[in-house]
Amino acid sequence: MAKHSSVAMALFRKRWLTVVALLVMVSVTTAIAFIVRASLESSCDCRLYTTNQKRYNSSPESAKPIGVAVTQNPLSFMKSRLVLLVSHELSLSGGPLLLMELAFLLRGVGAEVCWITNQRPSETNNIVYSLEHKMLHRGVQVVSAKGQEAIDTALKADLVVLNTAVAGKWLDAVLKEHVPQVLPKVLWWIHEMRGHYFSLDYVKHLPYVAGAMIDSHVTAEYWKNRTQERLRIKMPKTHVVHLGNSNELMEIAEDSVAKRILREHVRESLGVRNEDIMFSLINSVTRGKGQDLFLRSFYESLQIIQERKLQLPSIHAVVVGSDMTSHSKFETELRNFVISKKIQNYVHFVNKTLTVAPYLAAVDVLVQNSQARGECFGRITIEAMAFQLPVLGTAAGGTQEIVTNGTTGLLHPVGKEGIMPLAKNIVRLATHVERRLTMGKKGYEKVKETFLERHMEERIAGVLKDVLQKAMEHQRT
């Protein structure tokens, strides 16, 4: 992105103060995230979600307003339970953040929560320090992955959650002869869709745990088939749990004033007019997320508009998730493509960011272009739908369980075969404002019906009850 003039920067700072002031009123938690970053061009990789602990009456001692019904938290049965969460890493990628969110949900109802990071870097970096500090602040105990404390915690815990297939290596490496005692109370939360995770080095204990939890039906079916065919092992009882949007994100998505200010601010910073149409792909920049194919589709859409002589406002592509500090060959390829096609004025690269709300407020359409087997779930999709954005997604993975083709968005094939269909879908939504708006509203309605935080809590609660019941039955026998 081009450098701003001093006048533009002054306006930027003035508008930024307005945004922060507004967000303090809308959501203190989200505002803090904005202040910590102090810039839309953050160096962080992903988003961190927190939970609203005041929404439920999680303890009998809580004050109850006279005449106001208090909703019972579906996870309240976890009060005073000891839960050990084991993550393969602590980073700003989707898996660890989801596990952290579960930790905060459990702390919100009074559970005792311990956290282990199996692959912790030898030197604590800023991200690890920040996330561990956040957990400690919320009452989550951080335990070393190795040593007697880890073993004792696993043996005493009522529930152990292994997060991602890779976390399975922790069992033998640390628990050793104690593995059989712990397996009956293990819930294995799997997010992976890639073939190289189907290795006995990772998942040889999978058939013996109390249950598995997977984010989409298509991923659950894939794991069932692959473990049987490739590894000759059987999956345990598997629960499919669709994710939900955090309360904080929904507060912003439903605040028209907040959205308007964020939209104006982001568009001003990118040099995009309010009437222009923005298509955005929000994901870490990697080949599997399909940014290269998206930009090729975007270029083809510009050619279609020119050939048909369509009278439209300018259309723009925004790639959120950039990281040129890593000197990625793939990202260099993306930028070279943009230069070679002379579309620099219409394509914008934005750094990885802690919070996506400003960009969801600013754009008109989300593109979910994950390749191969697609996303296991793809939480950015339901976040976009909360902001009443239609979704142009690949017909693969969990996206098919979220997007209703023709109603809340449009689907296209993966791979090179999807380039022209996506290009035509971009033109279709750019030229039909009413259809774009109607799809966005339908998507929002679907979020309210299915993809809220309380929905996710209810689904997870059912899984935890089942796992605890199995653990108790095993203990009695």
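Predicted model: local features only at pLDDT ≥ 70, side-chain atom pairs only at ≥ 80, totals over all residues.
Colleague: Why are α18 and α19 called oblique to each other?

Modeller: Set the angle against the classes. Under 35 degrees would count as roughly parallel, and roughly perpendicular runs from 65 to 115. The crossing is at roughly 40°, so α18 and α19 are oblique to each other.

Colleague: Which residues of α18 and α19 meet?

Modeller: On the α18 side they are Val-447, Lys-448, Glu-449 and Thr-450, and they meet Arg-454, His-455 and Arg-459 in α19. Sorted by class, that contact has four charged residues, two polar ones and one nonpolar.

Colleague: What about α17: how do you know that its length agrees with a helix of 13 residues?

Modeller: Helix α17 covers residues 419-431. The expected span is 1.5 Å times one less than the number of residues, so α17 should span 18 Å. Its end C-alpha atoms are 19 Å apart, which agrees.

Colleague: Which residues of α17 are buried?

Modeller: The buried ones are Ile-419, Leu-422, Ala-423, Asn-425, Ile-426, Val-427, Leu-429 and Ala-430. Asn-425 turns up again in the contacts of Leu-411.

Colleague: Where does Leu-411 lie, and what is it in contact with?

Modeller: Leu-411 lies in strand β13, residues 409-412. Setting aside neighbours within four places in sequence, its contacts are Gly-393, Thr-394, Ala-395, Thr-399, Gln-400, Val-403, Asn-405 and Asn-425. Take Thr-399: it is 12 residues from Leu-411 along the chain, and their C-alpha atoms are separated by 8.8 Å.

Colleague: Over to Trp-170 then. What makes Trp-170 buried?

Modeller: Buried means under 20% relative accessible area. Trp-170 has 0%, so it is buried. It lies in helix α6 and touches Leu-84, Val-86, Ile-116, Asn-118, Ala-145, Ala-150, Ala-154, Leu-162 and Leu-175, not counting residues up to four places away in sequence. As for Gln-119, it is 51 residues from Trp-170 in sequence, with 9.1 Å between their C-alpha atoms.

Colleague: Which residues does Arg-267 touch?

Modeller: Beyond residues up to four places away in sequence, Arg-267 touches Val-272, Arg-273, Asn-274, Glu-275, Asp-276, Met-278, Ala-362, Val-363 and Asp-364. Arg-267 and Ala-361 are 94 residues apart in sequence, yet 9.9 Å apart C-alpha to C-alpha.

Colleague: Ser-256 is found in helix α11 too. Is Ser-256 buried or exposed?

Modeller: The cut-off for exposed is over 50%. Ser-256 has 55% relative accessibility, so it counts as exposed. Its C-alpha is 9.9 Å from that of Phe-387, which is 131 residues away in sequence.

Colleague: What makes Gln-388 partly exposed?

Modeller: Gln-388 has 31% relative accessibility. Buried is under 20% and exposed is over 50%, so Gln-388 falls in between and counts as partly exposed. It is found in the loop between α15 (379-386) and β12 (391-394), and its phi is near 60°, a positive value in a residue other than glycine.

Colleague: And what is the phi of Thr-164?

Modeller: Phi of Thr-164 is near 80°, also positive in a non-glycine residue. Thr-164 is found in the loop between β4 (159-163) and α6 (169-175). A relative accessible area of 4% makes Thr-164 buried.

Colleague: Why do Cys-114 and Cys-376 count as buried?

Modeller: Cys-114 has 3% relative accessibility, so it counts as buried. Cys-376 has 6%, so it counts as buried too. A search of the whole structure finds zero disulfides.

Colleague: Finally, how many helices and strands are there in the protein?

Modeller: There are 19 helices and 13 strands. Of the 477 residues, 57% count as buried. Among contacts between residues at least 6 apart in sequence, 77% join residues at least 24 apart.

How values were computed: Residues numbered from 1 in each chain as written. Heavy atoms only, no water. Helix = DSSP H or I, 4+ residues; strand = E, 2+ residues; numbered from the N terminus. Buried < 20%, exposed > 50% of the residue type's maximum accessible area, 1.4 Å probe, protein only. Axes fitted to C-alpha atoms, helices over the stretch in contact; angles between N-to-C directions. Parallel < 35°, antiparallel > 145°, perpendicular 65-115°, else oblique. Contact = heavy atoms within 4.5 Å. Nonpolar A, V, L, I, M, F, W, Y, C, P; charged D, E, K, R; others polar. Disulfide = S-S within 2.5 Å.
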